[in-house]
Structures are given as structure tokens and as C-alpha cells.
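Look at the structure below, then read the notes that follow.

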Amino acid sequence: MSTQEYVTFRICDQLFGLSVIEIHDVFRPAKMTPVPLSGSEIAGVLNLRGRIVTAIDARSRLSLPPREKTSNSQGLAIGVEHAGESFGMIIDEIGDVVRLDDADMEQNPVNLDATWSSVSRGVYRLGDRLLVIMDIDRMLAGAGGADTAAAA
Amino acid sequence: MDDLLSEFLTETAESLDVVDVELVRFESNPGDKATLNNIFRLVHTIKGTCGFIGLPRLESIAHAGETLLGKFRDGALPVTPASVTLVLASIDRIKLILAHLAAEQVEPPGDDRDLIAQLERVSQGEAVAPTPRPAPAPVISAPVVVAEIAPEPEAPEGEGRWDADQGRFLRPGEVSLADLEAAFMNTEGPEVEEAKPVVATVSAVAAVVEHDDEKKGPIGVNTIRVNVDVLESLMTMVSELVLTRNQLMQILRNSADSEFKAPLQRLSGVTAELQEAVMKTRMQPIGSAWKKLPRIVRDASQDLGKKIDLQMEGENTELDRQVLELIKDPLTHMIRNSCDHGVETTEQRIAAGKSETGVIKLRAYHEGGHIIIEVGDDGAGLNTDRIRQKALEKGVIDATEAMAMTDAQIHRLVFAPGFSTAAKVTNMSGRGVGMDVVKTNVEQIGGTIDLRSTFGAGSTFIIKIPLTLAIISALIVGVEDHRFALPQLSVIELVRAGKRSEHRIEMINTTRVLRLRDRLLPLVALSDVLGLMVDDGPDDRSACIVVMQVGETRFGLIVDEVFDTEEIVVKPLSKRLGSMSEYSGATILGDGAVIMILDPNGISRSVANVERTVNRMLDEQTRAAAAAAAKAAQETQTRISMLLFTAGGTEPRACPLSLVTRLEEIDASTFEMTSRGLVVQYRGRLMPLASGGGAIRREGRQPMLVFSQGTLVVGLAVDSILDIVEDVLDFQLTDQASGVLGTAVLKGRSTEIIDVSHYLSQAEPGWAAAAVQVDVRANRKRILLIEAHPFFRNLLAPMVSAAGYDVTVASGLEEARARLAAGATFDVVLADADGAALTEVEGAQVIQMSSRRDVDAVPKSDRHALLDAIQRAIHRGEAA
């Protein structure tokens with residue numbers, strides 16, 4: 001009967017969920033400084049209340065097409081702490097907080113893309129959509145460091 | 001860990017460091033009562049505390065050591081290096097046990113009878129065993145029977161006196177605290193020189209002791225121990241505060257009158273003070289990193305059989321403890337290096353006529369936000385040839401490089417990896433890991449290392465490190481819309497290059513270079529290094545070049561803009577970015593933006609390929625320059641800038657450009673005829689005109705060469721001005737009509753070189769004599785003109801003689817000497833500074849003159865200066 005609260009958010013057309021306790025804050029990234037030579041998943045670095053936050057482009061990380069350059073292309077960022085550092089994951093839209101029963105979570109489908117399955121803990125069937133529960137640690141750890149190594 | 005124990009460990013470690021230093025000092029100066037008292041007191045304290053918290057092993061060693069020290073103090077035993085080594089060995093043993101205590105919180109098993117027995121034997125006055133440095137390692141590793149802890153074999157119960165202060169019986173040879181204090185107060189050194197009055201010595205000793213007490217007293221009260229972590233977190237918080245302050249100030253600048261202004265300024269001030277104060281808490285005198293060095297030098301000099309004196313200066317120079325920690329090991333290594341390679345053996349020193357004791361000098365001082373640490377020795381210095389040889393053998397450089405490198409560059413090769421000049425490997429250094437490690441360590445903390453060396457007189461290593469790592473001064477530069485911070489330490493200068501500027505970026509194949517003061521500077525664009533897309537705008541747009549020096553590499557970094565210098569707080573990079581060598585961190589600027597801090601070391605690596613190309617090119621350039629210089633040396637006397645013009649004919653005529661003041665075109669209708677000939681109003685005065693050959697025009701525009709001398713100005717009318725050429729003057733014919741000095745081939749055409757003074761005196765008769773008033777009636781001064789070149793002979797001789805001197809011309813030194821030998825006397829000798837120098841002639845003043853303007857001699861082509869020099873020389877001669 002154990003349940004967990006998840007913050008839902010949208011990246012491209014996919015709905016994702018992250019446990020509430022894993023999320024530090026949600027903010028609108030402003031004045032992002034791109035870091036030349038870094039991998040494409042690194043959106044840049046930015047100043048969040050005096051801390052330097054490394055912004056991760058979730059779309060690039062998940063091999064999704066980049067966001068269209070529209071006026072509100074800034075998007076939103078979910079602030080998380082990982083290994084003592086601050087990260088911001090750029091997402092497209094933030095959604096509701098849902099309470100879900102652990103028992104209802106289903107395993108990743110076996111035919112899920114390798115990148116996706118590595119960052120997915122499991123899937124919930126919501127009324128009309130599927131919610132992928134994100135493994136934020138793996139998400140931030142990078143695609144096997146290969147990208148960063150190549151960039152460096 | 002037990003609080004009491006950890007307190008004891010910290011305190012004892014500090015005391016032992018002091019004892020180390022003091023003992024070495026004491027050894028070299030055994031009469032120093034204050035030092036001995038200090039050592040005695042420290043060892044005594046250690047012993048006392050050990051007994052108090054129940055550490056029998058430590059206590060018995062300290063006791064034995066103290067007994068020996070007591071004998072020194074009483075003068076019962078002479079102070080010998082061997083016995084001091086023994087005391088040092090017991091200090092080492094104590095340290096070893098302390099290390100075990102810190103790790104395991106109990107004393108290591110085993111006993112120290114060997115050491116204690118030696119100490120006691122020496123205390124009894126026996127000679128020290130020939131190997132005075134017992135290997136300390138076995139103490140821990142040896143599997144000793146644990147049960148056998150009998151630390152006091154020498155203390156039969158009840159035999160010692162009761163000491164009330166310590167609450168136990170005294171051991172043999174031990175004195176009570178009360179006695180000890182009394183001894184300190186009344187010490188009357190038996191080794192005091194007889195000549196001095198005893199009373200004076202006693203009072204002096206007492207004064208030292210009292211002074212010591214005064215100094216020690218308040219320190220204990222005014223200082224507290226603070227955990228380093230607390231300081232670190234304070235520093236972090238202050239850094240945040242500084243950033244927030246900067247942001248607030250930025251906002252304030254953008255808003256007009258605000259009620260926040262005054263309080264914000266207060267906040268700003270207080271923040272600055274707070275920052276400074278917190279920085280200060282992190283500061284430690286560099287002396288604390290030097291404490292171990294006297295001991296190291298002492299041990300090294302004993303091992304190597306050299307006599308070495310370590311002099312330290314600026315121990316109180318403070319720097320960030322983080323930096324201090326990082327600099328300790330490199331310093332130790334460098335000191336060892338100086339002992340081993342720097343200072344010669346005693347025999348070599350005597351043979352070289354030096355004092356037999358070598359000196360290693362350690363110096364620290366502040367210089368513009370940096371700490372400079374110098375490690376110098378007065379040893380043999382670096383052997384340039386041997387380093388060159390070795391570098392060639394090891395393939396560090398190739399033969400062409402070896403030829404082209406300067407001595408200083410060769411010296412710096414000792415920093416190359418895998419390079420060691422020690423002829424033989426000693427147990428201290430010479431294993432090929434050495435200065436390169438030091439260099440890497442120093443560079444890691446953003447410092448630089450360099451060296452000066454004079455063969456036979458010693459070498460000095462100079463380390464320049466930042467005061468603190470947390471806050472650095474950085475140059476903010478811009479490329480496209482990106483901004484980056486460059487650590488100021490690596491920036492040498494800024495150069496603006498562009499179409500209008502004197503500096504221009506030039507291309508060699510695809511490599512960009514800049515001519516900067518006789519050197520080619522390899523350039524890289526920051527946008528290329530960082531792989532930024534640059535719009536293909538015109539390449540000639542102006543750019544800023546940041547000239548940087550990283551180790552040996554000097555290069556220019558092309559950026560679009562340079563903003564300003566800011567004190568920035570360095571934030572470590574996220575691990576996701578940490579592997580990138582181009583960046584060393586990030587920082588938040590006053591406007592709240594995050595920018596990346598470029599790592600000069602990383603950037604310089606991208607320059608490496610560029611530089612190799614440039615180096616090859618430089619080689620060729622150097623060779624070409626050498627050839628040109630050799631050629632120039634031959635031609636230097638005749639190479640001269642000539643102004644080509646036509647006057648009265650189609651053949652070009654010429655005169656030395658240096659004689660001409662201005663070139664003018666004057667409306668001929670303004671010329672006026674006077675009794676003295678044609679004149680024109682020129683710059684507010686009348687200028688007489690002379691013809692350079694043809695007729696002077698009376699209408700249209702008349703090209704004119706203007707000559708001036710003092711207040712006199714004369715215009716020489718010519719038909720047209722052709723060109724200016726710098727060429728070798730090769731006289732073909734020298735005997736010509738008046739007004740012509742000779743004919744030379746300039747630009748492939750035969751050109752008449754005009755005698756300027758001839759034409760000018762036509763227009764202005766006073767020209768030749770007016771400027772320099774020479775008393776013609778008095779005996780004319782005799783001048784010897786030594787001039788190898790006919791052009792100048794012809795130019796100078798009439799000029800000087802027109803000024804009222806008696807001129808004798810010699811075409812060379814031989815001729816001049818012959819004339820002098822024949823008994824001719826001269827008042828002044830005009831000699832060519834460029835030729836074989838004739839610097840002294842008896843009874844005459846010698847004037848060095850030159851056809852070049854860049855040398856320190858009177859220029860031949862400057863008539864005024866030359867005549868002036870002659871006159872001054874005559875005055876000098878008369879005065880002498």
C-alpha cells in the first residue's frame with residue numbers, strides 16, 4: 001500500500017515523472033551561459049541564487065529533436081542535487097503532482113530504446129497517457145561519459 | 001579520538017617541529033642559551049604530558065633525550081654534531097610513535113632500549129657510536145614481544161627524590177620542576193668566554209629568558225584553535241556574500257537615485273572588510289612550511305659531506321594555507337636539489353676560491369598580489385653545455401633547436417620531464433623525476449617557475465604563486481556573444497591589431513602570426529580553440545590580442561573584445577565538465593551571469609601545433625636575420641637614405657634625407673625678389689631660396705627642400721621630387737663640378753649627390769659660419785677627420801672647414817696614425833664609431849660619429865649636432 005508522490009513533466013511529447021523528494025525546485029532558466037566544446041547534452045551553466053548550476057538538455061540526452069526556437073523556447077528547468085552538485089534539467093512543461101501506488105508500476109517494455117530504458121525505472125499507465133518514471137541519477141551521470149570524453 | 005589525546009598530538013607535533021629547527025640552530029651556535037632553554041623546555045613539556053596521560057614509551061625516550069640536553073646545558077658535555085644527531089634521532093622516534101598514536105590511539109608495541117641506551121651512554125660522556133642515525137623503521141615493523149613493556153629499567157623504586165610538582169619520584173638524572181626553573185633563571189654558562197665579565201652574561205641570559213616569557217605569555221591567551229573546516233565554510237560563505245554584493249552594486253549602478261544607495265554602500269564596505277578578515281584567518285606565515293627545511297639541509301649536508309648553510313628570509317610572509325600545503329613538497333624537493341646539485345663539495349668550493357660553506361638562500365616576499373619564493377644557492381651554477389648535450393642525448397631537443405636556443409632557454413630545459421643533470425644518482429635526487437614534477441605542482445596552483453643561473457656563481461629558482469586560490473584577478477574577454485575569464489597571472493600584455501593599428505595579423509599558410517617587437521608571436525583565435533562558429537566577416541576587422549605566457553610558451557590569443565579586470569571567485573566545475581582541459585572553473589560576474597574561466601595551460605596545448613610551425617619558421621627567420629645582420633654589418637657605413645629629385649636636367653640628383661628638414665610645395669607667386677636674392681615668407685619669417693640646378697619658377701607651384709639650422713632656414717628649389725631610397729652609396733666618380741660631391745648608382749641609375757652646403761651658402765652666405773661662432777682670428781683649431789668613405793669625407797671636410805676649423809683628412813686609421821706619428825697635433829679628432837675604434841689620441845678630444853642614427857654617437861649627417869660636438873670638445877680640451 002506504499003504510495004509515492006511524483007511531479008510530472010513533459011519532454012517533447014512524452015510525460016515523465018520524478019519523485020517529489022528528488023526535486024529541489026523548478027525554475028525558469030535565465031542567462032544561460034553555453035559551454036563551448038562540451039557535449040550537446042550540456043545546455044550550459046547558469047546562476048541560481050548564487051550557485052552555479054549545470055544545465056542538462058533533457059531532449060539531447062534522450063536523443064530527441066531539439067526544441068524549436070520560438071519565443072518561449074527558454075522552457076523550464078527542474079533543479080536536482082546529484083553527487084553534491086547542482087543540476088538543472090531543461091524540460092518543456094511542468095505538470096501536476098500525482099500520487100501513485102508502487103504496486104502499479106510496470107517494468108520497462110523490453111523493446112524500449114537502450115538510452116531510454118537506462119534512465120527509466122518503470123512505467124505507469126495513467127488514464128490516457130503513459131508516465132515514465134525517470135532515474136535522475138542515471139540521467140545526470142551522462143550517456144556513459146562517452147560524450148564528455150569525446151568533447152574533452 | 002579522545003579529546004585529551006588529540007590535543008596532545010597537535011600540540012606535541014607543533015613543539016617537535018620547533019625543536020627540530022631549534023636544535024639545528026643550536027648545533028651551529030652552541031653558546032646560544034636562549035635556544036637551548038627553549039629546546040629543554042619543550043622536551044620537558046612533552047615528557048611531562050606523556051607521563052600525565054600515560055604514554056610510557058614516549059616518556060622514557062623524552063626523558064633520556066632531556067637528560068642529554070641537560071648535560072649540554074650544564075656544559076658537562078660538548079655539543080658535537082654526532083650527539084645532536086642522536087637527539088634528532090630520538091625526536092624522529094617520538095614522531096614515529098606519535099604517528100602510530102594518531103592512527104591507532106595506542107602506543108606501538110616495542111621498546112626503545114637501543115636508542116635510550118645510546119642516549120644514556122652519550123650522557124655519561126662516552127663517544128657516540130659511529131652510525132649515529134639508527135634506522136627508525138624497525139620500531140613498528142619488528143615483531144616484538146608485546147608483553148615486555150618495561151620502560152623504566154633504570155629507575156629503581158624510591159631512589160629518586162620526590163617531586164611535588166609532578167607528583168612522583170624523580171628518575172636518576174632528572175631534576176625537579178622547581179630546580180629546573182631555578183636553573184633557567186640562574187644559568188651561568190661555563191662555556192662563556194673568559195674575557196667577558198660574568199655578571200653581564202648572567203643578566204643578558206636572564207633578559208633573554210624574561211623576554212621570551214613576555215613574548216609567550218599573551219599568545220596563549222589571544223589565540224584559539226579553530227577547525228580548518230570552519231574556516232573553509234566561512235570562506236565559502238564570504239565568497240557568496242561578495243557575489244551577492246557585486247550583483248546588488250550592479251543593480252544600483254543601473255538605477256538612478258535610490259534610497260538603497262547609502263545602506264548598500266555600507267554593506268559593500270563591510271563585505272570587503274569581512275572578506276579581508278576571513279582571508280586573513282586562512283593566512284599562514286610561509287615559515288611554517290619551512291620548519292622542516294633546516295633539518296633537511298642539515299641531514300643532506302651530513303650525507304653528502306658538504307658544508308651548507310641555510311639562510312631564510314621573509315618567514316613571516318603570509319599566504320593562503322591551501323597554497324601553503326601545496327607548495328611544501330615542491331619546496332622540499334628544491335632544497336634537496338640545491339644541496340645535492342647546486343652546492344659543490346667542500347674541495348670543489350675551495351678550489352674555486354669560495355668559502356667552504358655553501359649557502360642556500362630561501363627568500364619569500366609579496367609582489368603585486370603574488371608571493372615570490374626564491375631558492376638560491378651560491379654553487380656551481382648550471383652548466384649550459386652539459387644541459388645542451390644531455391637534452392640532445394635524451395631527445396628533448398634536436399640539433400637545430402640546440403643551436404638556436406639562448407642560454408636561458410637551455411637552462412629552462414631542467415624543467416623538461418625526465419631530465420636530470422646529476423652525473424650520478426644519489427639517494428636524494430638524480431633519478432630523472434625532479435624539476436618537472438616541481439614545475440607541474442607549481443603550475444597546478446596557478447604559479448610559474450623560472451630560474452636564473454650564472455655558471456660558477458650559483459643558481460636561483462624563482463617561484464611565483466598567487467596569494468590565494470579562492471579569489472583571483474581575471475581579465476574578462478569576449479568572443480562572439482560569449483564571455484570568458486582569463487587568469488591575469490598568465491596575461492602579459494594586450495595588443496590591438498587591425499588595419500589602422502601598427503600591428504597587423506599576418507598569415508603563413510593557415511597559421512596566424514603577429515610581429516611584436518622583433519619577434520613573431522604565434523596566434524590562435526579563441527573561437528577556434530573553443531570551436532565556436534564565427535561568421536565569415538571580413539578578416540581585417542580589428543581584434544584584441546591577449547599576449548599570454550604559459551611556462552615556455554608565449555602566444556597571442558585573438559579575442560573580439562576585452563572588457564575589464566575583475567576579482568572573481570573561482571568555483572569548481574561540475575564533474576560533468578571537469579574533464580575539459582580548456583576550463584579551470586566558472587565564476588559569477590557582478591551582473592549575475594556565469595562565465596567560464598579559461599585554463600591557460602589547456603589553451604596553450606592547442607597552440608602547441610601552431611607554435612611548432614612558427615618555430616620552424618622562426619628558425620629560418622633567425623638564420624635569415626643573421627645573414628642580413630652580417631651583410632648589414634659590412635654595409636652599415638654606407639647604407640643611407642637618400643632623397644632623389646631632379647633639378648636642372650632629367651638626371652636624378654640626390655642628397656642625404658637626414659639633412660632635409662621638410663619637403664614643401666610653395667606657390668611661386670609669393671616669391672619676392674630682394675637684394676639678397678629670392679625670398680619667400682615661410683612660417684612667419686623670410687626664407688632665402690636657392691636653386692638646386694634649374695631656374696626657380698616664378699609661377700605655379702615650386703617643389704622645395706627646406707633645410708634648417710638653428711634659426712636659419714633655406715629653401716632649395718628643385719624641379720620635382722622623385723623618391724626616397726635607402727641604398728648602399730657606391731661612389732663612381734668623385735671629382736666633379738662645384739656643388740656636386742660625386743656620382744653614385746642609386747636604383748640602377750647614376751645619380752649626382754649634391755653638396756648641400758654649396759647651394760645653401762649661395763642663398764644665405766652666413767649659412768656655413770653663422771651657426772657656430774668660431775673665433776677665426778685666434779689660432780684655428782686643428783681637426784683630424786678620419787673617414788673611410790669618400791662620400792662623407794667630401795661632405796664633412798668642407799663643412800667643418802667652412803665652420804672655421806683647420807681640417808686634415810685621413811682616409812683610414814693607418815693614415816691617421818701615420819700623421820700622428822709624424823708629429824702632427826690636433827685639438828679634435830672626428831672618428832667613425834662604426835669602424836675600428838680610435839678612442840684615444842694624446843692631447844686631443846675624440847668625437848665618435850656615425851652614419852646611423854640609432855647608435856650613441858654624433859650623427860654624421862646632422863651638421864648642427866656635429867659642429868656643436870666639436871665646439872664642446874674644444875671647450876673640454878681647453879678646460880683640461
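This is a predicted model: local features need pLDDT of at least 70, side-chain atom pairs count only at pLDDT 80 or more; totals for chains, interfaces and linings use all residues.

**A helix and its surroundings**

- α9(B) is made of 27 residues.
- From its first C-alpha to its last, α9(B) reaches 40 Å, close to the 39 Å expected at 1.5 Å a residue.
- An α-helix has 3.6 residues a turn, so residues three or four places apart point the same way.

**Packing against α10(B)**

- Two packed helices are described by the angle between their axes and the distance between the axes.
- For α9(B) and α10(B), the angle is about 155° and the axes are 9 Å apart.
- An angle over 145 degrees counts as roughly antiparallel, and α9(B) and α10(B) are therefore roughly antiparallel to each other.
- The crossing of these two helices, α9(B) and α10(B), is left-handed.
- Residues of α9(B) that meet α10(B) include B:L231, B:L234, B:M235 and B:V238.
- Sorted by class, the contact of α9(B) with α10(B) has 13 nonpolar, four polar and three charged residues.

**Contact between the chains**

- Chain B gives 23 residues to the contact, and chain A gives 20 residues.
- On the side of chain B that touches chain A, the elements giving two or more residues are α9 (228-254), α20 (575-578), β19 (583-588) and β20 (594-598) of chain B.
- The residues on that side of chain B divide into eleven nonpolar, seven polar and five charged.

Technical notes
Residues are numbered from 1 along each chain as its sequence is written. Chains are lettered from A and ligands numbered from 1 in the order in which they are written. Two residues are in contact if their C-beta atoms, placed from the backbone, lie within 7 Å. Helices (H or I, at least four residues) and strands (E, at least two) are DSSP runs, numbered from the N terminus. Ala, Val, Leu, Ile, Met, Phe, Trp, Tyr, Cys and Pro count as nonpolar, Asp, Glu, Lys and Arg as charged, and the others, Gly among them, as polar. The expected span of a helix is 1.5 Å times one less than its number of residues. Axes are lines fitted to C-alpha atoms, for helices over the stretch in contact, and angles run from 0 to 180 degrees between N-to-C directions. Angles under 35 degrees count as roughly parallel, over 145 as roughly antiparallel, 65 to 115 as roughly perpendicular and the rest as oblique. A crossing is left-handed if the near helix is turned anticlockwise from the far one by less than a right angle, and right-handed if clockwise.
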